[in-house]
Amino acid sequence: MHITELVLDNFKSFGRPTRIPFYEDFTVITGPNGSGKSNIIDGVLFALGLARTRGIRAEKLTDLIYNPGYEDGEGPSGAREASVEVVLDNSDGKLDRSQVVSAAGSEDIDDHERITIKRRVKETDDNYYSYYYLNGRSVNLSDIQDLLAQAGVTPEGYNVVMQGDVTDIINMTPYERRKIVDEIAGVAEFDAKKEDAFAE
Ligand code: ATP
Ligand code: MG
């Protein structure tokens, strides 16, 4: 299972619909400082619902919507909606096809090799809304998370190494570093359960 394409629309610095192809083995994105490389990763975290613990670089969800006056510190104006779609190649069947079908409806059963996960954020005058779609069907975040967990992609996981993470890891105390190893090895989950049990 791998990402084949990312479609950013009005997301952060991408004011126009932008398609970014990803190759199966290795893709490098280069560009000057501030050109939007990290925004692409933010797009993946946003769309896949992984942002909770790994931190998208935005104070609030609506800061992710393209704002032409961003650099000048101006407030937003005009259409307030952004979306990111992640296109996955699931030809290896890593993600359970029946789960996709039950969450997204049966019409997409023939198209199980190509899975799309999309998230949209929409701002109104007094509120904002966030929607997830699986193969075009509106779903809950938990549907997306249950599906991705089969491929080991979880909000708590270390699937994405953010800018500065390597330096952070070097600067950590051995105890903090050990906690990361526990998390990756799956031991942390049992430690948490043990603590809960003792608390009871
Ligand atoms: P570096 O090499 O320094 O890490 P980068 O290529 O990773 O740079 P990003 O952090 O992805 O750069 O992009 C930062 C740019 O995105 C800034 O110029 C900022 O103005 C722009 N930006 C962020 N949010 C928005 C937004 N909501 N609307 C418009 N532009 C935005
Ligand atoms: Mg960057």
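In this predicted model, the chain is divided into two domains, with domain 1 covering residues 2-156 and domain 2 covering residues 164-200. A distance of 28 Å separates the C-alpha centres of domain 1 and domain 2.

An open sheet is formed by six strands in the order S2-S1-S3-S4-S5-S6, and their pairing is antiparallel. Strand S2 (18-21) and strand S6 (137-139) are the edge strands, each pairing on one side only. On average, and with direction ignored, neighbouring strands of this sheet are turned by 25 degrees against each other. Strand S5 (residues 128-134) runs antiparallel to S6 and is joined to S6 by three bridges; Tyr133 has Ser138, in S6, as its bridge partner. Helix H4 (residues 141-149) packs on the sheet, where H4 touches strand S4 (114-123), S5 and S6. The direction of H4 makes about 40 degrees with that of S5.

In helix H1 (residues 37-47), the buried residues are Ile40, Asp42, Gly43, Val44, Leu45, Phe46 and Ala47.

Helix H6 (residues 174-185), by contrast, is hardly covered, as the count of buried residues among its 12 residues is zero. The end C-alpha atoms of H6 lie 16 Å apart; this agrees with expectation, because 12 residues at 1.5 Å a residue should span 16 Å. Just after H6, a positive phi of about 85 degrees is found at Gly186.

Notes
Residues numbered from 1 in each chain as written. Chains lettered and ligands numbered in written order. Predicted model: local features only at pLDDT ≥ 70, side-chain atom pairs only at ≥ 80, totals over all residues. Buried ≥ 20, exposed ≤ 12 C-beta atoms within 10 Å, placed from the backbone. Helix = DSSP H or I, 4+ residues; strand = E, 2+ residues; numbered from the N terminus. Expected span 1.5 Å × (residues − 1). Domains from an automatic or database assignment. Pairing = 2+ DSSP bridges. Axes fitted to C-alpha atoms, helices over the stretch in contact; angles between N-to-C directions. Contact = placed C-beta atoms within 7 Å.
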